[in-house]
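Subject: Structure for your review

Dear colleague,

Please find below the structure that I am handing over to you.

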Amino acid sequence: MCLGRSLAGPAFCACYLASYLTNKYVLSVLKFTYPTLFQGWQTLIGGLLLHVSWKLGWVEINSNSRSDVFAWLPASVLFVGLIYAGSRALSRLTIPVFLTLHNGAEAIVCGYQKCFQKEKTSPVKTCSALFLLAAAGFLPFNDSHFDPDGYFWAIIHLFCVGVYKMRRMPQKPSVLSDIDQQYLNYIFSAVLLAFASHPTGDLFSALEFPFLSFYRFHSSCWASGFLGFFLMISTVKLKSTMAPGQCAAWIFFAKVITAGASVLLFEVILTRATVGCLLLGALGEALLVFSEQKGS
């Protein structure tokens, strides 16, 4: 038990790092920018692996209640939006910039808790939300390689992530576990994205993809599917075995090493102003970790 708990953090970081780097390679280096197909493939593989794990008794899935399943559907729609917009944004933005914008969703959650749920928020958490929001807001004006489409999809991704997190904070305890929710997300996403691949033009455009028959493309797509599944499992394990403060610290550490590794592996040009915005976002996330550890 202790060994499993001690390995949960490093396993999560490894999966997080490998998943982001693999996705970035497929999207920006190979330039496979067909999100309905790429995300549809990932959710299909994730759903199949989760179903097999369930049948083998490795995980428990309890989604027999139709009312709970239908009640979760709006969250599944948001999940499709966040992975689709995230894929579009990540194909155009660097990983450090993308993660900084992604973290801005915490400001939405904090505002919702303070204004609508009337929760008492500590000054540290409030400062964290303001720093994260400021970093995401100033970044477009200080990015020397500003990409309008990339930032547009990043904002949609940010909004979907924020609302999705809010949707996962119901007033009464949910019958669906994290695994149940992800299983429904996988099924809904795979089906919806498969149907959307034709009207969006991705289905036929992908036939002209220059690396379609290349081994490195096939291996990268398989890796992305498996890594996405392992990242989900390691995230659930991390949250179930550690306190919120420890969990937040590992997530922050995973983002730092992923952003750092991406600067070494991919072409990234950062100005002083851009670095300042990234550091402001990192400070905001560090304060969020501190507030979680203090139990605020």
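Where in α3 does a kink lie, and shortly before which proline? The model is a predicted one, and in it α3 bends by about 35° at Leu73, shortly before Pro74. The end-to-end span of this helix may also be of interest. With 25 residues at 1.5 Å a residue, α3 should span 36 Å, and the 35 Å between its end C-alpha atoms agrees with that.

The remaining findings concern the packing of helices against one another. Two packed helices are described by the angle between their axes and the distance between the axes.

1. Helices α2 and α3

Helix α2 comprises residues 35-55 and helix α3 residues 66-90; they pack at an angle of about 125°, and their axes lie 9 Å apart. The two helices are therefore oblique, since an angle has to be over 145 degrees to count as roughly antiparallel. Their crossing is right-handed. On the α2 side, the contact is made by Pro35, Thr36, Phe38, Gln39 and Thr43, while α3 contributes Phe79, Ile83, Tyr84, Ser87 and Arg88. By class, the residues of this contact are five nonpolar, four polar and one charged.

2. Helices α4 and α7

Helix α4 covers residues 95-103 and helix α7 covers residues 148-167. An angle of about 40° separates their directions, with 8 Å between the axes, and α4 and α7 are therefore oblique to each other. The crossing of this pair is right-handed. From α4, the residues Val97, Phe98, Leu101 and His102 meet Tyr151, Ala154, His157, Leu158 and Val161 of α7. The contact of α4 with α7 holds seven nonpolar residues, two polar ones and no charged ones.

3. Helices α5 and α7

Helix α5, residues 105-115, also packs on α7, at an angle of about 40° and with the axes 8 Å apart. That angle makes α5 oblique to α7. The crossing of α5 and α7 is right-handed. Here Ala105, Glu106, Ile108, Val109 and Tyr112 of α5 meet Leu158, Phe159, Val161, Gly162, Lys165 and Met166 of α7. The residues in the contact of α5 with α7 are eight nonpolar, one polar and two charged. In α7, Leu158 and Val161 meet residues of α4 and also residues of α5.

Methods: Residues are numbered from 1 along each chain as its sequence is written. This is a predicted model: local features need pLDDT of at least 70, side-chain atom pairs count only at pLDDT 80 or more; totals for chains, interfaces and linings use all residues. Side-chain values use heavy atoms; hydrogens and water are left out. Axes are lines fitted to C-alpha atoms, for helices over the stretch in contact, and angles run from 0 to 180 degrees between N-to-C directions. Helices (H or I, at least four residues) and strands (E, at least two) are DSSP runs, numbered from the N terminus. Angles under 35 degrees count as roughly parallel, over 145 as roughly antiparallel, 65 to 115 as roughly perpendicular and the rest as oblique. A crossing is left-handed if the near helix is turned anticlockwise from the far one by less than a right angle, and right-handed if clockwise. Contact means heavy atoms within 4.5 Å. Ala, Val, Leu, Ile, Met, Phe, Trp, Tyr, Cys and Pro count as nonpolar, Asp, Glu, Lys and Arg as charged, and the others, Gly among them, as polar. The expected span of a helix is 1.5 Å times one less than its number of residues. The bend at a residue is the angle between axes fitted to the seven residues ending there and the seven starting there.
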